[in-house]
Amino acid sequence: MVAVLNRRLLLVALAGVVLATGFVGATAATASGKNRVARRVTLAGHNIGGMTRSELRTEVVKINKELQLSRVHVTAPKGGFSSTGAALGVALDINRTISEALEVGHKGNPIGRAAGWVRSLVSARPAPVHVLVDRDKVHSTVRTLDPKPGVEAKEPSIARKGGVFIVVPGQTGTGIDPADVAEELPDAVRAGLPVKLKVDRGRVSPRFTTADAEAVARQANKLSSLALRIAAAGETATVPPGALAGWLEARPVGGSLRLVVNGERASGDLPALIPAATKPATETKWSVVGDRPVYTAGSAGTSCCDPAKVEQLLTDAIRRPPAQPIALPLQVTEPKISGARAEELAIKEPVGRASTSHPAGQPRVKNIHRIADLVRGQVILPNSRLSINNLVGRRTAAKGFVNAPVIEDGRFSEDIGGGVSQFATTLFNAAFHAGLSIPTYQSHSIYIKRYPYGREATLNFPQPDLVIENKTPYGVLVWPTYSATTISVTLYSTKHAPGTQIAQSESKSGVCTVVKTIRERTFPDGRKSTDTFTARYRPQEGVNCDGSGTPVTSTTRPTATTKPAPATTSPPTTAAPPPPTTAAP
């Protein structure tokens, strides 16, 4: 009995010692104040015990970065999605998290602190994790990544009618509700990384109410007489109230529906209000001197003004109209190809050249010359394409084209732009010899003997087109020249993989003749490759490949033939091309 009593007294004494020690330890920890984390404290699974305030900040910033990069997996009926913390606007409230981590073990009454200190001897003490969620980002990401979006909810907005802003009500949608995701994110983050959460799929209400939009409309109507003063490039102007009204819109910002200036709309109107602020960039241009390409470097220009900066400045101005004109920063506009880039393109020598002939003085010659003028000076950048139809567009009288013969459905006819196919054929053959890729082309349906047999291309709008692709590491300058009876195209670059015709064969497709031409290209490392070009010719005007149709014979029209024409194209030589009859661009 005495022994049992002694053991009990010993336990009580030990407990007293432990509590006393805990009291002393807790008191000492408290004495260190808010500058050091208590022992065995964790934050989101990271041990932060004993860290100074500075060390703790470094650790919290690190944890926040991990959260930004971490995957967030959203599960929902009929399919969810994965994103990142950054895309969903999730972040730690760094200052609050630091402050409360430092309070763990340092707050409460002395007995409670002592008990907590004792518990820390055997278990960790988690610090609270405070999470911020950017609801605008959540909304944007959910609406983008929802695999079964249904009908998107529409937020209430404002519109101008009869000179007054009115409310356009919002509409309910269906899908994953961004509000549900935003609500679940904080607890999901506290559960650890990667973040996982589960939500329902169903009705999605607008985030904002009609009352929210009415408040924005009232604010917009108050600005109906506001005339903002703006300044740029040493010039000042007044934005008329009517123009300003056209820039205003309701937009979700920071979780609220607010009145903002649409920067894109404003920037579209500003050049007319401040003309002096717009100075177009001077483009880099090429010319050919003695069969040698030379360039004149372009220079930067300015435009008014950067849409994002305009939006911010003018939105601030409508909330607090300034006494002085609003200084709008100009936007620098660079030439499409800078001087430094032009040097890198290494356009220095002829790599492909072709010429074809035609009678002088015909209307079609005007069209050949016109399209040559429009294409001259174009540069095909590495890994880029030149589409003649995209560049020139539809051939019209307003662009300087005239009526001339064309081939339409296997018959000769007339249309504006007739004859441009001779230019296309000449360019095709220059690209053939340069070793460039020609992914899009189509031969004439009737062979005309002024063109290389089986190696020619026709044009119409929007199809057929001629597309030249540059897969070399150098730029390619397209330089057409002409005389009264000849059209020539020279391509300038650095020699890479010149092409040569090594074989040609014929086969029948009904009564039509199919011509296959094989080109061999030799690359800088000695490697050789071949590709094949195909042309299909009717035997006569008006006759289809299946033999149907009515033959057309006329001594006044070009004659169809299956006989190859004399060679009129050649690989590049050092001979200079025919001089242009018009000034180069």
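Does Arg40 count as buried, exposed or partly exposed, and at what relative accessibility?

Modeller: This is a predicted model, in which local features need pLDDT of at least 70 and side-chain atom pairs count only at pLDDT 80 or more, while totals for chains, interfaces and linings use all residues. Residues are numbered from 1 along each chain as its sequence is written, and side-chain values use heavy atoms, with hydrogens and water left out.

Arg40 counts as partly exposed because its relative accessibility is 34%, where buried means under 20% relative accessible area, exposed over 50% and partly exposed in between (1.4 Å probe, protein chains only). Arg40 lies in the loop between helix H1 (2–31) and strand E1, helices (H or I, at least four residues) and strands (E, at least two) being DSSP runs numbered from the N terminus. Its C-alpha atom is separated by 9.9 Å from that of Gly105, 65 residues apart along the chain.

Strand E1 (residues 41–43) pairs with E2 in the antiparallel sense over two bridges, pairing requiring that DSSP find at least two bridges between two strands. Thr42 has Asn47 in E2 as its bridge partner. The open sheet of three strands runs in the order E2-E1-E6, with mixed pairing, and its edge strands, E2 (46–47) and E6 (125–126), each pair on one side only.

Ile48 touches, among others, Val41, Thr42 and Leu43 (contact means heavy atoms within 4.5 Å), not counting residues up to four places away in sequence.
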